[in-house]
Amino acid sequence: MTHLRAEHVTAGYGKTPVIHDISLDVPRTCLYGIIGPNGAGKTTLFKCLSGILKPWEGSVWFGGNDIRTLPRRKIAQRAAYIPQFQWVPFPYTVEEFVLMGRYPHRDRFSALTRKDRTIVEETLEMLDLLRYKDRRLQSLSGGELQRVFLAQGLTQRPELILMDEPTAHLDISHQVNLLDMLKLLRDEYGLTVVLILHDLNIASAYCDTIALMSSGRVHACGSPEHVLTATTLEEIYQVRLVVERDPLASRPHIFFVPGKHTQKR
Amino acid sequence: MKHPAVFLLLALILLASMALALLTGGTSLTSAHIFEALIRPEPGDLTATLVWELRLPRIATACIVGAALAQCGVVFQAILRNPLAEPYTLGVSAGGALGATLAIILGLAGLPMVVMCFAGSMISVSVVLGIASLRQFSSTTLILSGVILSFLLSSLVMFIFSVASSRDVHSSIMWIMGDLSSPGPGAMRIMIFTVFPLMAVTLCAGRDLNMLSLGDEKTYHLGGNARVMKGILLVATSLITGGCVAISGIIGFVGLLVPHLMRKITGADHRLLIPSSMLAGSSFLLLCDTFSQLVLRPIELPVGVITGMLGGLFFLVYIALVNPSEVI
């Protein structure tokens, strides 16, 4: 069943369109990866999917409703967006910061309830952050911070999470840890997770569906086996590469050939 | 320390500062006389007049202006996501002062002067934000443009002084340096009808400020409307600042010092930071004001001189010592 759908979406900033006529279907309860070279329009597409950027043409459907007809608070109760990099100028503690994820569910004057605090505790527990509860954000490492940002999104108790390059700046153990966590959220809680990823092998190992973007269009879309072929990737990324099956999960694994940049003349 | 205990302590400090301000001042009075005058004021009694017409209004003014300036500092810092923003460093106070100076020179008093103050602060906020939005400004550049605007406006004030008649100038200069001593009935009216309600609105904005401090996009994704929230809060704080300038001239750095101190004590959560900064701002300005009356007695210093020195030193130490990655 479709959870999030883009229909012929064209959008951009100012007068320049960044994405052209994009259509895609994100089914419920899946890990959906969006990959593509820098400047392909991934983040712009994400902004349309989350409703913050209005498409010039086409429309975005979230759970059967046109996203333009949903009030932003209703969206925030059902979908969380975790940006690539969040700069927080003030020394909030982890708990204070994560608690803000409950705002969409509470009116201005209704105090946060015991239930809200329980949700925060549960989320922190799940992400192994409970011991950092009273630490200030500025004292955390990149990997810990990324988990805290995810924790804030999860306390919104969303059905859909959009994450813009969550693995950027993380070492391999934190990357695997984070993606395992997202997989668990999909399996245990039925979450739909849409991610922008740069690491093709991580995308291949974890995503159920991958959309490959290039120059503002979806170039290919489907299972990792379908999208991650040497021919397609060489064409898009202009790099020589070899695609093999990884021996454990038998998913495509990409090997780059150094020094073989295939710039078009 | 638990939060109720912190608030209790802040309230006790405020009460103590009020008592100190009541008992000391430009004129020496015995505490017994003061209590007597407080409980049973007799018309014509000198002590009673001093207490009821000078000290108590002055204490009330210091409390309100201190709370208001601290609150404005918190709001500007959160909205601009800049820990060095406050009415003084952004040039908002200077804008209000220019408006007020023009009003004084034009012979306007009362409501028209207050309106000029409001207009001045609103215009300077718009100018700073306009400059900031032209390009994506770093936090330092924003403060720099605020400080430069402040210089510019102060020069304009100086220009007006230099061509105005000397009688207007002296009273204006004393007032512009920050003077809590003579809140007239007009000032009281400004407080009650504009500054108070706006402060009440801003007091309820803790969670909006929490969201806004994470940026416009994150605000959207937490279900808030950044443009509306920012609009309301910026207008409210500019007007509060304008009102404060109309009441007591330029009192700088309260909005910088107090919120920074309170972040160390109550934490960064704006739902607690706003009320705690307001309480602490009242005590801080009250203590500064009492000090300004005592330090060179019988000469009374403008309180803006005291806060300016403290704030300037703090600013320097902050820039010199704090590790940039910790600041932001």
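Q: Does B:V303 count as buried or exposed in relative accessibility, and at what percentage?
A: This is a predicted model. B:V303 has its place in helix α14 of chain B. Buried means under 20% relative accessible area. B:V303 therefore counts as buried, with a relative accessibility of 1%.

Q: How far apart are the C-alpha atoms of B:V303 and B:S292?
A: Leaving aside neighbours within four places in sequence, B:V303 is in contact with several residues, including B:L285, B:C288, B:D289 and B:S292. B:V303 and B:S292 lie eleven residues apart along the chain, and their C-alpha atoms are separated by 5.8 Å.

Q: Which class of accessibility does B:V295 fall in?
A: B:V295 is found in the loop between α13 (270-294) and α14 (303-321) of chain B. Together with B:F291, B:L296 and B:I299, B:V295 forms a nonpolar patch on the surface. Exposed means over 50% and buried under 20%. At 39% relative accessibility, B:V295 therefore counts as partly exposed.

Q: What span should the 13 residues of helix α4 of chain A have?
A: Helix α4 of chain A covers residues 114-126.

Q: Within what arc do the buried residues of α4(A) fall?
A: The buried residues are A:D116, A:I119, A:V120, A:T123 and A:L124. Seen down the axis of α4(A), they line one face of the helix, because they fall within an arc of 130°.

Q: Which helices do the buried residues of α4(A) pack against?
A: The face turned away from the buried side of α4(A) carries the exposed residues A:R114, A:K115 and A:E125. The buried residues of α4(A) pack against α3 (94-99) and α5 (142-155) of chain A.

Key
Residues numbered from 1 in each chain as written. Chains lettered and ligands numbered in written order. Predicted model: local features only at pLDDT ≥ 70, side-chain atom pairs only at ≥ 80, totals over all residues. Heavy atoms only, no water. Helix = DSSP H or I, 4+ residues; strand = E, 2+ residues; numbered from the N terminus. Expected span 1.5 Å × (residues − 1). Buried < 20%, exposed > 50% of the residue type's maximum accessible area, 1.4 Å probe, protein only. Arc of directions from axis to C-beta. Contact = heavy atoms within 4.5 Å. Patch = residues over 30% accessible without salt bridge, like charges linked within 9 Å, V, L, I, M, F, W, Y side chains within 5 Å. Areas by Shrake-Rupley, 256 points an atom, 1.4 Å probe, with all protein chains shown as cover. Salt bridge = Lys/Arg side-chain N within 4 Å of Asp/Glu carboxyl O.
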